[in-house]
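Thanks for coming. I have one structure to walk through, and I will take it piece by piece.

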Amino acid sequence: MFHGEEFWLVRLLFQRGLALLYLLAFLVAAFQFRPLAGEDGLLPIEWYAEGASFRERPSLFYFVPTDRAIGFAAWSGVGLAALALLAVPYWVPDSYATPASMALWTAMWLLYLSFVNAGQTFYGYGWESMLLETGFLAIFLGAGSVAPPFLIILLLQWVLFRNMFGAGLIKLRGDDCWRDLSCMDSHYETQPIPNPVSWFAHHLSKRVHRVETFGNHVVELAVPFLYFAPQPASALAGLATIGFQGWLMATGNFAWLNAITIVLAIPTFSDGVLAAVLPLSAPAAAATPLYLQALAVVVALVVVAMSIRPVENMLSESQTMNTAFDPLHLVNTYGAFGSITQTRYEIVIEGTTDEEITDDTVWREYRFKGKPTDPERRPPQIAPYHLRLDWQLWFAAMAPTPRRHPWFLRFLGKLLEGDAETLSLLAEDPFAGSERPAHVRAVRYRYRYTTPEERAETGRWWHRERVSSYVHPVSLTDVRRRAPGWSAD
């Protein structure tokens, strides 16, 4: 059995990796939370405060549901994450290092919990719960010269196991293409936000796609059991996981899902393994303080008790993905891409200054930061940054109407108003510097990658064809009448 002394360097690398992800997450909140879920957001924060009790979804914004509080919390989180990234708790005397570290990580966890629980649909992703669960365990790792509690290292491996194994199980249960090894034939084309490499990956041979899919099953269903094995097997399993996640990062934009999985793989190594392959060395660590060992035991008992429902879900034939079973997101169930969409649909939003709509009306397209609206635009690299509006538009495009997405009409209303915060979420406003649009509409298109021959001839990355109207032309008056909770001021 390993001792905590073998994980001092592992802890330092893990904490810095996690701090970087916290920093990114708080920056996303600082720039996107208010237009999405603030006082006058697409899903106003009062909807959260009125729709759930504090006990059900605890958040600081339950008591102070204001944009000022949101901004203060987001930028405070950025500052705290920067301190953690710089390993500031290691700068103080040893007797204060662990308490300072615990206070720092607790503050970040509480702040981010507030965003996740109040963010409604725009914060309903599995990597939010994963960041919170991982961030909670990081509170008890300690700092300074003392060794981390081995139980916490083990619990981090348990998070990684549920993440990977849960994803593997739901694929086998969720879609025939995972069983016949054909999922990768369409995945790169239909994933939420393709990146510059996705087009090339899509055009790999079918034989390569079969090997990819089989390899996915091996890494997600077999390798995770080695996380708990002695070295070097544990490190080799972690290395396989990192390589797998690196390929996913290279071929798609999945926010920080892949990045946090890589960070979670760090505890599968030991200081000896890291020192053997990296130009790093660990000092002789002092024994883990008794109070930190006691806290680790308590946390472990809580996690074991709270793991029952996630494990039952993971092993169930009716397994669900990315579910939090408690309001603090302490122990969750994970999984990704249980099914693969075979056809890519996109919602293209257009506006016009014409007061009356005729056959001669000229429509101008809004461009988004991640969505492939313009067929000639190369897919961008966004991850590990998270474009929350673009992701939700991908989900919205799966249905022929926005009936299940109450934020969508409000979004069109914001475009009609020329709302600056909402427009900041876009790559380009076609009416910038001119009058506001009098009408906007949403059109549903079917997109597919161009073939190599088509791209050589046209320079386009995408081919698209119109499918239907998603929302017929609407004016601001129309939106005020139809959108839920819209103010007529």
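Leu-274 touches Leu-9, Val-10, Leu-13 and Phe-269, leaving aside residues up to four places away in sequence. Before going further, please keep in mind that this is a predicted model.

Leu-274 sits in helix α13, residues 271–277. Is Leu-274 buried or exposed? Its relative accessible area is 6%, and the cut-off for buried is under 20%, so Leu-274 counts as buried. For a sense of distance, take Phe-225: Leu-274 and Phe-225 are 49 residues apart in sequence, and their C-alpha atoms are 21 Å apart in space.

Next, helix α3. This helix covers residues 67–85, which is 19 residues. Just after α3, Ala-87 has a positive phi of about 55°.

Which residues of α3 are buried? They are Ala-69, Ile-70, Gly-71, Ala-73, Ala-74, Gly-77, Val-78, Ala-81 and Ala-84. As background, an α-helix has 3.6 residues a turn, so residues three or four places apart point the same way. What do the buried residues of α3 pack against? Their partners are α1 (8–37), α2 (45–51) and α4 (94–118).

I will stay with α4 for a moment. Two packed helices are described by the angle between their axes and the distance between the axes. For α3 and α4, the axes come within 10 Å and cross at roughly 145°. The crossing of α3 past α4 is left-handed. On the α3 side, the contact is made by Ile-70, Ala-73, Ala-74, Ser-76, Gly-77, Leu-80, Ala-81, Leu-83 and Ala-84. On the α4 side, Leu-104, Trp-105, Ala-107, Met-108, Leu-111 and Phe-115 take part. Sorted by class, this contact has 13 nonpolar residues, two polar ones and no charged ones.

Last, strand β3, residues 344–352. Eight of its nine residues are buried, so β3 is largely enclosed by the rest of the structure. How many bridges pair β3 with strand β7? There are nine, in the antiparallel sense, and β7 runs over residues 439–449. Strand β4, residues 364–365, also pairs with β3 in the antiparallel sense, over two bridges.

Gly-351 has a bridge partner in each of these strands: Val-440 in β7 and Arg-364 in β4.

That is the tour; I can take questions.

Notes. Residues are numbered from 1 along each chain as its sequence is written. This is a predicted model: local features need pLDDT of at least 70, side-chain atom pairs count only at pLDDT 80 or more; totals for chains, interfaces and linings use all residues. Side-chain values use heavy atoms; hydrogens and water are left out. Helices (H or I, at least four residues) and strands (E, at least two) are DSSP runs, numbered from the N terminus. The expected span of a helix is 1.5 Å times one less than its number of residues. Buried means under 20% relative accessible area, exposed over 50%, partly exposed in between (1.4 Å probe, protein chains only). Contact means heavy atoms within 4.5 Å. Axes are lines fitted to C-alpha atoms, for helices over the stretch in contact, and angles run from 0 to 180 degrees between N-to-C directions. A crossing is left-handed if the near helix is turned anticlockwise from the far one by less than a right angle, and right-handed if clockwise. Ala, Val, Leu, Ile, Met, Phe, Trp, Tyr, Cys and Pro count as nonpolar, Asp, Glu, Lys and Arg as charged, and the others, Gly among them, as polar. Two strands pair if DSSP finds at least two bridges between them.
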